[in-house]
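Let's take a friendly walk through this structure, with an eye on its charged side chains. Have a look at it first, and then read on.

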Amino acid sequence: MANSKQARKRARQAETRRVLKSSQRSMVRTYIKRVNAAIESNDFDSATAALTTAIPVIDRMAAKGIMHKNKADRHKSRLNARVAALRA
């Protein structure tokens with residue numbers, strides 16, 4: 001339990017940031033799931049559209065520190081490879 005005034009403030013800030021980050025993390029997961037759903041339905045056009053909307057969101061979350069940069073790059077690479085495989 002936070003005993004000092006500073007520690008109580010830091011606890012409030014941490015809780016606020018936790019809620020915001022969990023919301024953003026959920027949002028980026030939703031965008032990734034939309035791409036995966038389009039890939040599963042074998043629809044190249046909708047998968048490409050979903051991927052083009054998901055990539056900036058993934059990049060933004062990596063820039064904000066919600067997701068590690070390498071993890072964001074890994075997600076983008078794997079999704080891009082799966083969408084490209086639909087074309088073939």
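## Charge pairs and overall form

D73 and K69 sit four residues apart in helix 3, about one turn of the helix. This is a predicted model, and in it the side chains of these two residues meet in a salt bridge. D73 also pairs with K76, and these two residues are three apart within helix 3, again about one turn. K76 in turn forms a salt bridge with D59. D59 lies in helix 2 (residues 44-64) and K76 in helix 3 (residues 69-87), so this pair ties together parts that are 17 residues apart in sequence. Taken together, D59, K69, D73 and K76 are linked in a network of salt bridges.

| Salt bridge | N to O distance |
|---|---|
| D59 and K76 | 2.6 Å |
| D73 and K69 | 3.1 Å |
| D73 and K76 | 3.6 Å |

How exposed are these residues? K69 is exposed, with a relative accessible area of 53%. D59 is partly exposed at 32%, as is D73 at 30%, while K76 counts as buried at 18%.

Stepping back, the chain has three helices and zero strands. Its radius of gyration is 18 Å, well over the 12 Å that the globule rule gives for 88 residues, so the chain is more spread out than a compact globule. Its C-alpha atoms fill a box of roughly 60 × 20 × 15 Å along the principal axes, and 23% of the residues count as buried. As for charge, the chain has 21 positive and 6 negative charges, and their mean positions are 15 Å apart.

Technical notes:
Residues are numbered from 1 along each chain as its sequence is written. This is a predicted model: local features need pLDDT of at least 70, side-chain atom pairs count only at pLDDT 80 or more; totals for chains, interfaces and linings use all residues. Side-chain values use heavy atoms; hydrogens and water are left out. The radius of gyration is taken over C-alpha atoms; the globule rule is 2.2 Å times the number of residues to the power 0.38. Buried means under 20% relative accessible area, exposed over 50%, partly exposed in between (1.4 Å probe, protein chains only). Lys and Arg count as positive and Asp and Glu as negative; His and the chain ends are not counted. The place of a charge is taken as NZ of Lys, CZ of Arg, CG of Asp or CD of Glu. A salt bridge is a side-chain nitrogen of Lys or Arg within 4 Å of a carboxyl oxygen of Asp or Glu.
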